[in-house]
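I opened the notebook to look up aromatic ring pairs.

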Amino acid sequence: GWVDRETIMGVFLVLNQDVPQIRYIPAEEAELLFAILDSGGEDRISEGEFMSFCKVMLLQFERASAYTTFIERHFPSVFHSESFQSFAEGIKSETFEHLIDGVVVLNAVFVFIQSYPQLVGEPSFEDEHVKDGYIDTPWERFQTAFTVIYCVEMGVKILVLGWKRYSESFRNLFDAFITVLSFVSTCYVYYPNRYSDSRLIRFVVMA
């Protein structure tokens, strides 16, 4: 028998969505793996070639299964508890990702509204309190709240996935970079020092 390209791509999609024990496989890598398996260039693979594919996936599964997170190693009773497993499933769900995406969009809207005058070359009238080193304007409160949400998101993902699995996703690494940068900027602005302009945080988010 034969297995066509569409079926194999569907298998990769299911593995990415439903089998966290196997690392995420980007579309480009999936295409490359299929091309390697399709040694005859017929845009389909034979039963023997498919079995080779299964062996490769099984090996990846075994390697990933040997990895344990900090919670799993040091607090096994917590890790195996029903409440933690429910929490972990929620963090790994698409609903959680959509929720964070919504927060990102909302943050972008706030940044756009704040920055619109500069973007169109109009004179801007910033509240003088943005440079006083205190979180005492509505915009500063919102921006600080967004930073806290991003830090919590990164923290719970690392807690649930472990750093190894978390860092295998380019999106997670990019989010972590922006989150750490926002956190450092927030601390720098609001910690008593000579620089207290909260617009720095906005510029970091815009970047």
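My entries on the ring pairs follow.

**Entry 1: the search.** I am working from a predicted model. I searched the whole structure and got seven aromatic pairs. I describe each by two values, because a pair of aromatic rings is characterised by the distance of the centres and the angle of the planes.

**Entry 2: Phe 110 and Phe 146.** I read 5.7 Å between the ring centres and 65° between the planes. Planes over 60 degrees apart count as edge-to-face, so I logged Phe 110 and Phe 146 as an edge-to-face pair. Next I looked up where the two residues sit. Phe 110 is in helix H7, residues 94-119. Phe 146 is in helix H8, residues 138-167. They are 36 residues apart, and the pair links distant parts of the chain.

**Entry 3: burial of that pair.** I took under 20% relative accessible area as buried. Phe 110 has 18% relative accessibility, so I noted Phe 110 as buried. Phe 146 has 6%, so Phe 146 is buried as well.

**Entry 4: Trp 163 and Tyr 166.** I read 5.7 Å between these ring centres and 35° between the planes, so I logged the pair as tilted. Both residues are in helix H8. They are three residues apart, which means a separation of about one helical turn. Are Trp 163 and Tyr 166 buried or exposed? Trp 163 is partly exposed, at 47% relative accessibility. Tyr 166 is buried, with a relative accessible area of 1%.

Terms used:
Residues are numbered from 1 along each chain as its sequence is written. This is a predicted model: local features need pLDDT of at least 70, side-chain atom pairs count only at pLDDT 80 or more; totals for chains, interfaces and linings use all residues. Side-chain values use heavy atoms; hydrogens and water are left out. Rings of Phe, Tyr and Trp (its six-membered ring) pair if their centres lie within 6.5 Å; planes under 30 degrees apart count as stacked, over 60 as edge-to-face and the rest as tilted. Helices (H or I, at least four residues) and strands (E, at least two) are DSSP runs, numbered from the N terminus. Buried means under 20% relative accessible area, exposed over 50%, partly exposed in between (1.4 Å probe, protein chains only).
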